[in-house]
Amino acid sequence: MSTRLVIFDFDGTLTDIVAEGRQFEAAYTRAVRELFGAVRLPAWRQALASVVAEAPELGWDMGSGATAPGDADPYITATLALARFARAERLPILGSEEPAHEAVRSALGGALYHAAYAEITPTFRPEARRVIEEVAGRVPHVRIVTNSSTAKVTEKLAHLSLSVQVQVDGDARKFEVSEPSSNLSAMAGVPVWWRLPSLQRPILPRRGRYFDVLSRVWSETGTTPAETLVVGDIVELDLVLPALLGAAVHYVERPRGHAYEAEVLAELGSRGGTSPTLEGVLERLD
Ligand SMILES: [Mg+2]
(Lines give C-alpha, C1' and ligand atoms only; values in the text may rest on other atoms or scores of the structure.)
Protein backbone atom coordinates (compact mmCIF):
# COMPACT_ATOMS: atom_id res chain seq x y z
CA MET A 1 0.00 0.00 0.00
CA SER A 2 1.40 3.40 -0.87
CA THR A 3 2.13 6.04 1.75
CA ARG A 4 -0.38 8.91 1.89
CA LEU A 5 0.57 10.41 5.25
CA VAL A 6 3.99 11.09 6.78
CA ILE A 7 4.11 12.12 10.44
CA PHE A 8 7.32 13.60 11.81
CA ASP A 9 8.22 13.94 15.47
CA PHE A 10 9.86 17.34 16.09
CA ASP A 11 12.63 17.55 18.73
CA GLY A 12 15.60 15.41 17.76
CA THR A 13 13.89 14.21 14.60
CA LEU A 14 13.87 17.46 12.65
CA THR A 15 16.15 19.38 15.02
CA ASP A 16 19.84 18.85 15.78
CA ILE A 17 19.57 17.45 19.30
CA VAL A 18 23.31 17.71 19.97
CA ALA A 19 23.50 21.43 19.15
CA GLU A 20 20.21 22.26 20.85
CA GLY A 21 20.95 19.97 23.77
CA ARG A 22 24.22 21.73 24.47
CA GLN A 23 22.43 25.07 24.71
CA PHE A 24 19.61 23.59 26.77
CA GLU A 25 21.96 21.94 29.23
CA ALA A 26 24.00 25.13 29.65
CA ALA A 27 20.86 27.20 30.32
CA TYR A 28 19.47 24.58 32.72
CA THR A 29 22.75 24.34 34.59
CA ARG A 30 22.91 28.15 34.91
CA ALA A 31 19.44 28.08 36.46
CA VAL A 32 20.48 25.33 38.89
CA ARG A 33 23.51 27.38 39.90
CA GLU A 34 21.43 30.53 40.41
CA LEU A 35 18.80 28.73 42.44
CA PHE A 36 20.95 26.40 44.51
CA GLY A 37 24.46 27.88 44.40
CA ALA A 38 27.68 27.03 42.55
CA VAL A 39 28.68 24.77 45.45
CA ARG A 40 26.00 22.29 44.34
CA LEU A 41 27.10 22.12 40.70
CA PRO A 42 29.24 18.97 41.18
CA ALA A 43 26.18 17.22 42.65
CA TRP A 44 24.08 18.41 39.70
CA ARG A 45 26.62 17.06 37.21
CA GLN A 46 26.76 13.80 39.15
CA ALA A 47 22.96 13.52 38.94
CA LEU A 48 23.04 14.04 35.16
CA ALA A 49 25.82 11.45 34.76
CA SER A 50 24.00 8.86 36.88
CA VAL A 51 20.82 9.19 34.81
CA VAL A 52 22.78 8.61 31.61
CA ALA A 53 24.65 5.66 33.18
CA GLU A 54 21.43 3.93 34.29
CA ALA A 55 19.47 4.39 31.06
CA PRO A 56 17.70 2.70 29.37
CA GLU A 57 16.63 0.60 32.37
CA LEU A 58 16.06 3.92 34.07
CA GLY A 59 13.08 5.20 32.13
CA TRP A 60 11.31 8.53 31.89
CA ASP A 61 8.19 8.21 34.03
CA MET A 62 5.74 11.10 34.10
CA GLY A 63 3.48 9.29 36.54
CA SER A 64 2.04 6.43 34.48
CA GLY A 65 5.13 4.24 34.01
CA ALA A 66 8.48 4.37 32.21
CA THR A 67 7.89 5.43 28.60
CA ALA A 68 11.32 6.31 27.14
CA PRO A 69 14.99 5.78 28.02
CA GLY A 70 16.09 8.24 30.73
CA ASP A 71 18.82 9.58 28.45
CA ALA A 72 16.68 9.78 25.30
CA ASP A 73 17.18 13.51 25.02
CA PRO A 74 18.67 16.32 27.13
CA TYR A 75 15.19 17.47 28.19
CA ILE A 76 14.29 14.09 29.65
CA THR A 77 17.71 13.65 31.24
CA ALA A 78 17.54 17.03 33.01
CA THR A 79 14.02 16.34 34.31
CA LEU A 80 15.11 13.01 35.83
CA ALA A 81 18.37 14.46 37.13
CA LEU A 82 16.56 17.26 38.97
CA ALA A 83 14.69 14.78 41.17
CA ARG A 84 17.90 12.85 41.95
CA PHE A 85 19.82 16.04 42.64
CA ALA A 86 17.14 17.34 45.02
CA ARG A 87 17.08 14.06 46.95
CA ALA A 88 20.86 13.64 47.07
CA GLU A 89 21.30 17.19 48.30
CA ARG A 90 18.39 16.81 50.73
CA LEU A 91 16.91 20.07 49.50
CA PRO A 92 13.97 21.24 51.64
CA ILE A 93 10.60 20.21 50.11
CA LEU A 94 12.16 19.51 46.68
CA GLY A 95 14.12 16.55 48.03
CA SER A 96 11.15 15.00 49.80
CA GLU A 97 9.28 11.84 48.74
CA GLU A 98 5.92 13.10 49.95
CA PRO A 99 3.36 13.32 47.14
CA ALA A 100 2.50 16.94 47.95
CA HIS A 101 6.17 17.87 47.74
CA GLU A 102 6.63 15.89 44.57
CA ALA A 103 4.14 18.25 42.94
CA VAL A 104 6.34 21.20 43.91
CA ARG A 105 9.42 19.53 42.45
CA SER A 106 7.55 18.67 39.29
CA ALA A 107 6.34 22.28 38.96
CA LEU A 108 9.91 23.51 39.36
CA GLY A 109 11.09 20.93 36.82
CA GLY A 110 8.46 22.20 34.36
CA ALA A 111 9.46 25.83 34.91
CA LEU A 112 13.18 25.09 34.46
CA TYR A 113 12.47 23.05 31.34
CA HIS A 114 10.42 25.84 29.75
CA ALA A 115 12.97 28.53 30.71
CA ALA A 116 15.91 26.54 29.31
CA TYR A 117 13.99 25.43 26.18
CA ALA A 118 13.15 29.08 25.46
CA GLU A 119 16.86 29.94 25.32
CA ILE A 120 17.63 27.53 22.50
CA THR A 121 18.46 28.99 19.11
CA PRO A 122 16.55 26.73 16.72
CA THR A 123 18.98 24.37 15.00
CA PHE A 124 17.68 21.86 12.50
CA ARG A 125 19.19 18.76 10.99
CA PRO A 126 20.92 20.12 7.87
CA GLU A 127 18.74 18.05 5.52
CA ALA A 128 15.43 18.78 7.33
CA ARG A 129 14.09 21.46 5.02
CA ARG A 130 14.86 19.61 1.80
CA VAL A 131 13.48 16.30 3.07
CA ILE A 132 10.22 17.81 4.38
CA GLU A 133 9.66 19.69 1.11
CA GLU A 134 10.39 16.60 -0.97
CA VAL A 135 8.11 14.44 1.18
CA ALA A 136 5.36 17.08 0.83
CA GLY A 137 5.74 16.85 -2.94
CA ARG A 138 5.35 13.08 -2.91
CA VAL A 139 2.58 12.36 -0.38
CA PRO A 140 -0.70 14.24 0.07
CA HIS A 141 -0.38 14.77 3.85
CA VAL A 142 2.54 15.74 6.11
CA ARG A 143 2.12 16.46 9.82
CA ILE A 144 4.30 17.08 12.86
CA VAL A 145 3.13 15.35 16.06
CA THR A 146 5.09 16.39 19.14
CA ASN A 147 4.99 16.56 22.94
CA SER A 148 6.09 20.19 22.73
CA SER A 149 3.53 22.96 22.48
CA THR A 150 1.96 23.64 19.08
CA ALA A 151 2.72 27.37 19.37
CA LYS A 152 6.39 26.86 20.23
CA VAL A 153 7.02 24.32 17.49
CA THR A 154 5.14 26.38 14.89
CA GLU A 155 7.31 29.36 15.86
CA LYS A 156 10.53 27.31 15.64
CA LEU A 157 9.45 25.83 12.33
CA ALA A 158 9.22 29.35 10.87
CA HIS A 159 13.04 29.49 11.09
CA LEU A 160 13.18 26.68 8.53
CA SER A 161 11.42 28.88 5.89
CA LEU A 162 9.59 25.92 4.37
CA SER A 163 7.99 26.43 0.97
CA VAL A 164 5.12 24.17 2.10
CA GLN A 165 2.62 24.39 4.96
CA VAL A 166 3.00 21.69 7.60
CA GLN A 167 0.43 21.45 10.37
CA VAL A 168 1.74 20.90 13.90
CA ASP A 169 -0.18 18.80 16.41
CA GLY A 170 1.43 19.53 19.78
CA ASP A 171 1.00 18.41 23.39
CA ALA A 172 0.65 14.81 22.17
CA ARG A 173 1.67 13.44 25.61
CA LYS A 174 3.33 10.39 24.06
CA PHE A 175 4.62 9.70 27.59
CA GLU A 176 1.16 9.07 29.03
CA VAL A 177 0.17 5.43 29.47
CA SER A 178 -3.63 5.55 29.46
CA GLU A 179 -6.69 4.47 27.54
CA PRO A 180 -7.93 6.42 24.51
CA SER A 181 -10.86 8.80 24.97
CA SER A 182 -12.75 7.17 22.08
CA ASN A 183 -12.37 4.55 19.34
CA LEU A 184 -11.16 2.04 21.94
CA SER A 185 -11.58 -0.92 19.58
CA ALA A 186 -8.81 0.40 17.32
CA MET A 187 -6.41 -0.07 20.27
CA ALA A 188 -7.55 -3.67 20.82
CA GLY A 189 -4.42 -5.16 19.24
CA VAL A 190 -2.03 -3.04 21.28
CA PRO A 191 -0.70 -5.01 24.26
CA VAL A 192 -0.29 -3.62 27.78
CA TRP A 193 3.33 -4.81 27.90
CA TRP A 194 5.95 -5.64 25.34
CA ARG A 195 8.99 -7.50 26.67
CA LEU A 196 12.31 -7.58 24.81
CA PRO A 197 15.40 -9.68 25.54
CA SER A 198 17.74 -6.74 26.09
CA LEU A 199 15.46 -4.60 28.29
CA GLN A 200 14.51 -5.70 31.79
CA ARG A 201 11.63 -3.28 32.21
CA PRO A 202 8.64 -3.76 29.93
CA ILE A 203 7.70 -1.34 27.16
CA LEU A 204 4.21 0.09 27.78
CA PRO A 205 2.71 0.71 24.34
CA ARG A 206 -0.81 1.88 25.28
CA ARG A 207 -0.41 5.65 25.05
CA GLY A 208 -3.97 6.92 25.09
CA ARG A 209 -3.35 10.60 24.43
CA TYR A 210 -0.92 9.89 21.57
CA PHE A 211 -3.54 7.53 20.13
CA ASP A 212 -6.16 10.30 20.35
CA VAL A 213 -3.92 12.65 18.35
CA LEU A 214 -3.07 9.98 15.74
CA SER A 215 -6.76 9.07 15.39
CA ARG A 216 -7.66 12.69 14.86
CA VAL A 217 -4.94 13.08 12.19
CA TRP A 218 -6.14 9.93 10.39
CA SER A 219 -9.72 11.16 10.47
CA GLU A 220 -8.84 14.71 9.32
CA THR A 221 -6.69 13.47 6.44
CA GLY A 222 -8.91 10.52 5.47
CA THR A 223 -5.96 8.14 5.76
CA THR A 224 -5.38 4.84 7.54
CA PRO A 225 -2.50 3.51 9.69
CA ALA A 226 -1.48 1.25 6.79
CA GLU A 227 -1.01 4.33 4.58
CA THR A 228 1.11 6.10 7.21
CA LEU A 229 4.84 6.44 7.85
CA VAL A 230 5.81 7.79 11.29
CA VAL A 231 9.31 9.23 11.69
CA GLY A 232 10.89 9.66 15.13
CA ASP A 233 14.13 9.70 17.10
CA ILE A 234 12.94 7.75 20.16
CA VAL A 235 11.65 4.30 19.18
CA GLU A 236 9.75 3.62 22.41
CA LEU A 237 8.13 7.05 22.57
CA ASP A 238 7.41 7.90 18.94
CA LEU A 239 7.21 4.64 17.02
CA VAL A 240 6.02 1.64 19.06
CA LEU A 241 2.35 2.64 19.28
CA PRO A 242 1.88 3.64 15.61
CA ALA A 243 3.75 0.49 14.52
CA LEU A 244 1.44 -1.72 16.62
CA LEU A 245 -1.53 0.07 15.05
CA GLY A 246 -0.26 -0.97 11.61
CA ALA A 247 1.77 2.05 10.48
CA ALA A 248 5.24 1.89 8.96
CA VAL A 249 7.84 3.59 11.15
CA HIS A 250 11.27 5.07 10.65
CA TYR A 251 13.88 5.68 13.33
CA VAL A 252 16.25 8.59 12.65
CA GLU A 253 19.22 7.68 14.80
CA ARG A 254 20.18 9.51 17.98
CA PRO A 255 23.81 9.88 19.05
CA ARG A 256 23.30 7.21 21.77
CA GLY A 257 20.75 4.62 20.74
CA HIS A 258 20.12 1.44 22.74
CA ALA A 259 20.20 -2.21 21.71
CA TYR A 260 16.53 -2.78 22.55
CA GLU A 261 15.53 -0.11 20.04
CA ALA A 262 17.18 -2.10 17.26
CA GLU A 263 15.33 -5.19 18.57
CA VAL A 264 11.98 -3.40 18.31
CA LEU A 265 12.71 -2.42 14.71
CA ALA A 266 13.85 -5.95 13.85
CA GLU A 267 10.60 -7.37 15.30
CA LEU A 268 8.61 -5.03 13.05
CA GLY A 269 10.22 -6.49 9.92
CA SER A 270 9.56 -4.49 6.76
CA ARG A 271 7.37 -1.99 8.65
CA GLY A 272 10.44 -0.75 10.55
CA GLY A 273 13.40 1.14 9.16
CA THR A 274 16.31 3.24 10.32
CA SER A 275 18.90 5.67 8.99
CA PRO A 276 21.43 8.10 10.45
CA THR A 277 19.84 11.08 8.70
CA LEU A 278 16.39 12.06 7.41
CA GLU A 279 17.47 11.06 3.87
CA GLY A 280 16.39 7.52 4.71
CA VAL A 281 12.77 8.70 4.90
CA LEU A 282 12.78 9.43 1.15
CA GLU A 283 13.90 5.87 0.42
CA ARG A 284 10.97 4.56 2.44
CA LEU A 285 8.62 6.34 0.01
CA ASP A 286 10.10 4.70 -3.10
MG1 LIG B 1 12.01 13.52 19.55
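1. Magnesium site. The magnesium ion has three protein donors listed here: D9 (OD), D11 (O) and D233 (OD), lying 2.1 to 2.2 Å from the ion. Donors are N, O and S atoms within 2.8 Å of the metal (3.2 Å for Na, K and Ca); water is not among the atoms, so sites may look incomplete. In sequence the donor residues follow the spacing D-x1-D-x221-D. D9 and D11 are both buried. Buried means under 20% relative accessible area, exposed over 50%, and partly exposed in between, with a 1.4 Å probe and protein chains only.

2. Basis of the model. The model is predicted: local features need pLDDT of at least 70, side-chain atom pairs count only at pLDDT 80 or more, and totals for chains, interfaces and linings use all residues. Residues are numbered from 1 along each chain as its sequence is written, and side-chain values use heavy atoms, with hydrogens and water left out.

3. R201. This residue sits in strand β7 (residues 199–203). Helices (H or I, at least four residues) and strands (E, at least two) are DSSP runs, numbered from the N terminus. R201 has a relative accessible area of 10%, so R201 is buried. Its side chain makes a polar contact of 2.8 Å with the side chain of E236. A polar contact is a pair of N or O atoms within 3.5 Å; within protein, one must be able to donate a hydrogen and the other to accept it, and residues adjacent in sequence count only if both atoms are side-chain atoms. Beyond four places in sequence, R201 is in contact (heavy atoms within 4.5 Å) with residues including P56, E57, R195, E236 and Y260.

4. Helix α9. Y260 belongs to the buried set of α9 (residues 259–267), along with E261, V264 and L265. Seen down the helix axis, the buried residues fall within an arc of 145°, so they line one face of α9. The arc is that of the directions from the helix axis to the C-beta atoms. A259, A266 and E267 are exposed on the other side. The cover over the buried residues includes β3 (66–69), β7, α8 (235–244) and β10 (272–275). G269 follows α9, with a positive phi near 60°.

5. P122. This proline lies in the loop between α4 (99–118) and α5 (128–138). Its relative accessibility is 23%, so P122 counts as partly exposed. Leaving aside neighbours within four places in sequence, P122 is in contact with E20, K156 and H159. P205 is 83 residues away along the chain, and the two C-alpha atoms are separated by 30 Å.
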